[in-house]
Amino acid sequence: MCSIPCGNRGAGLMTILVTGGAGFIGSNFVIDWLAGSEEPVINLDLLTYAGNLINFAALKNDDRHTFVNGDIGDSSLTFQLLQQHNPRAVINFAAESHVDRSIHGPEDFMQTNIIGTFRLLESVRGYWGDLPDAEKANFRFLHVSTDEVYGSLDADAPAFVETNRYEPNSPYSASKAASDHIVRAYHHTYRLPVLTTNCSNNYGPFQFPEKLIPLIIHNALAHKPLPIYGDGLQIRDWLYVGDHCSAIRAVLANGTVGEVYNIGGLNEMTNIEIVNRLCDILDKLRPISSDASICSYCELITHIKDRPGHDRRYAIDATKIESAIGWRPAETFETGIRKTVEWYLDNQEWVEQIVTGGYRRWIERQYA
Ligand code: NAD
Ligand code: TYD
């Protein structure tokens with residue numbers, strides 16, 4: 001990781017600017033991008049509790065990765081970065097992303113997800129407006145969003161399509177919905193070449209252990225309770241993070257400007273099914289010793305008070321991205337979850353480094 005001389009474009013090399021690239025999906029995206037392309041990445045991230053530079057240990061001496069510690073809401077910084085590095089695309093991952101935290105403290109969500117996205121768009125609009133015509137036509141602003149903006153589905157309702165009404169129910173999803181609308185308006189009003197993706201729940205390496213799957217793995221290994229909100233019959237459509245990254249690359253390369261693409265894993269499961277599946281895998285990969293007080297990790301499952309306003313079901317209809325762009329997930333849930341559990345077992349040091357005092361305070365407060 002080091003500074004790249006500016007003016008890459010003059011040397012015939014394109015560059016992309018990624019925001020929030022030290023978080024879960026962003027760091028997978030950056031790593032996958034550099035594994036498949038010589039094109040450098042400028043990675044702008046505020047390094048909140050969710051951003052971790054240790055994710056880039058493998059890129060330590062890689063000149064193609066330039067990390068910049070900063071806020072998408074800092075207009076002078078983002079404008080300066082755009083002018084300095086001349087990216088051909090901006091991919092906006094930066095966000096506050098955890099629903100439960102948005103319930104306890106919505107302010108940061110409004111600040112980053114709404115105001116931050118707005119300010120970033122303003123910088124990008126200024127930069128893009130001054131580009132020569134050919135670069136202007138090729139430029140893209142890709143906004144990474146969530147299926148949660150569509151609200152909650154009844155059990156028998158059809159999955160979300162891109163034309164579903166926005167009905168966000170949490171401060172997180174409302175702030176993401178607002179950002180999607182601002183992105184849309186910048187295309188409609190200023191013709192900024194935007195793309196928006198709305199993806200289902202991701203899982204995989206580098207996910208912070210406040211989200212369901214890594215939290216369950218982390219607690220199980222410590223023989224702590226596995227907290228299930230309410231009856232555990234809420235449904236999510238789970239997608240392996242590498243597939244989300246490949247979908248974003250496909251939309252960036254072949255998406256139609258101004259369009260929205262839903263991304264999903266074709267894999268609806270209840271939370272209790274997810275947790276049982278994790279316990280089964282852990283029972284095989286990390287059997288409990290015979291002198292412990294439990295025989296299987298599933299004995300740790302504990303139903304707790306439900307999340308306020310908990311959405312019952314999300315499901316994605318990914319027909320559009322498949323028919324228009326030819327993207328489909330490569331992983332099944334079986335293959336993706338197995339890889340994920342193995343990654344957490346092999347990377348306990350990573351987990352230990354990020355579960356700091358702040359993490360412990362959050363867990364105490366949330367699960368008291
Ligand atoms: P994350 O919380 O793991 O990472 C967010 C990153 O953004 C962190 O590195 C953080 O430091 C950074 N950040 C926060 N505020 C910032 C600011 N003001 N300026 C610059 N950087 C800032 O989130 P994630 O799970 O990787 O999600 C990434 C994006 O994908 C988000 O926009 C989220 O809404 C969206 N998304 C996530 C999922 C999912 O299942 N995790 C599903 C669909 C869409
Ligand atoms: P989460 O990973 O927080 O993602 P989201 O709320 O964005 O879908 O939660 C996934 C599901 O798991 C959601 O229905 C809430 C539930 N859940 C629990 O039952 N227990 C927990 O401790 C957590 C963190 C989530």
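# Two ligand shells in a predicted model

The residues of the shell around ligand 1 fall into 13 nonpolar, twelve polar and three charged. The model is predicted. Around ligand 2, the shell has seven nonpolar, five polar and five charged residues. The protein itself contains 13 helices and 13 strands. Its radius of gyration is 20 Å, close to the 21 Å that the globule rule gives for 368 residues, so the protein is as compact as a globular protein of that length.

**Overall dimensions**

- Taken along the principal axes, the C-alpha atoms of the protein fill a box of roughly 70 × 45 × 40 Å.
- Of the 368 residues in the protein, 54% are buried.

**Ligand 1**

- Ligand 1 is surrounded by 28 residues, and the closest are I25, D45, S97, Y172 and K176.
- At I25, a polar backbone atom is 2.8 Å from an oxygen atom of ligand 1.
- A nitrogen atom of ligand 1 lies 3.1 Å from a backbone N or O atom of L46.
- For V144, the distance from a polar backbone atom to an oxygen atom of ligand 1 is 3.5 Å.
- On its own, ligand 1 has 830 Å² of accessible area, of which the protein covers 97%.
- At least two residues of the shell around ligand 1 are supplied by each of helix 1 (24-36), strand 5 (140-146) and helix 6 (171-190).
- Strand 5 provides the largest share of the shell around ligand 1, with three residues.

**Ligand 2**

- The shell around ligand 2 consists of 17 residues, and E148, R236, R307, H310 and Y367 are the closest.
- An oxygen atom of ligand 2 lies 2.9 Å from a backbone N or O atom of L212.
- A nitrogen atom of ligand 2 lies 2.9 Å from a backbone N or O atom of P227.
- N271 takes part through its side chain, with a polar atom 2.9 Å from an oxygen atom of ligand 2.
- Ligand 2 exposes 510 Å² when taken alone, and the protein buries 97% of that area.
- The elements that contribute two or more residues to the shell around ligand 2 are helix 7 (212-221) and strand 8.
- Strand 8 contributes the most to this shell, giving three residues.

- Strand 8 covers residues 226-229, and both of its faces are covered.
- On one side of strand 8, L226 and I228 are buried, and on the other P227 and Y229 are buried.
- Strand 8 pairs with strand 13 (residues 301-304) in the parallel sense, over four bridges.
- Within strand 13, I301 is the bridge partner of L226.
- P227, one of the buried residues of strand 8, is also the residue whose backbone N or O atom lies 2.9 Å from a nitrogen atom of ligand 2.

- T117 is part of helix 4 (residues 107-129).
- The relative accessibility of T117 is 1%, below the 20% cut-off, so T117 counts as buried.
- The T117 side chain reaches the backbone oxygen of N113 at a distance of 2.7 Å.
- T197 sits in strand 6 (residues 194-199).
- With a relative accessible area of 0%, T197 is buried.
- T197 and V260 are 63 residues apart in sequence, while their C-alpha atoms are 5.7 Å apart in space.

**A partly exposed arginine**

- R88 is located in the loop between helix 2 (75-85) and strand 4 (89-92).
- R88 has a relative accessible area of 24%, so it is partly exposed.
- The side chains of R88 and E39 are joined by a polar contact of 2.7 Å.
- R88 and Y314 are separated by 226 residues in sequence and by 33 Å in space, C-alpha to C-alpha.

Methods:
Residues are numbered from 1 along each chain as its sequence is written. Chains are lettered from A and ligands numbered from 1 in the order in which they are written. This is a predicted model: local features need pLDDT of at least 70, side-chain atom pairs count only at pLDDT 80 or more; totals for chains, interfaces and linings use all residues. Side-chain values use heavy atoms; hydrogens and water are left out. Buried means under 20% relative accessible area, exposed over 50%, partly exposed in between (1.4 Å probe, protein chains only). Two strands pair if DSSP finds at least two bridges between them. A residue is near a molecule or strand if one of its heavy atoms lies within 4 Å of it. A polar contact is a pair of N or O atoms within 3.5 Å; within protein, one must be able to donate a hydrogen and the other to accept it, and residues adjacent in sequence count only if both atoms are side-chain atoms. Accessible areas come from the Shrake-Rupley method with a 1.4 Å probe; for residues, only the protein chains shown count as cover. Ala, Val, Leu, Ile, Met, Phe, Trp, Tyr, Cys and Pro count as nonpolar, Asp, Glu, Lys and Arg as charged, and the others, Gly among them, as polar. The radius of gyration is taken over C-alpha atoms; the globule rule is 2.2 Å times the number of residues to the power 0.38.
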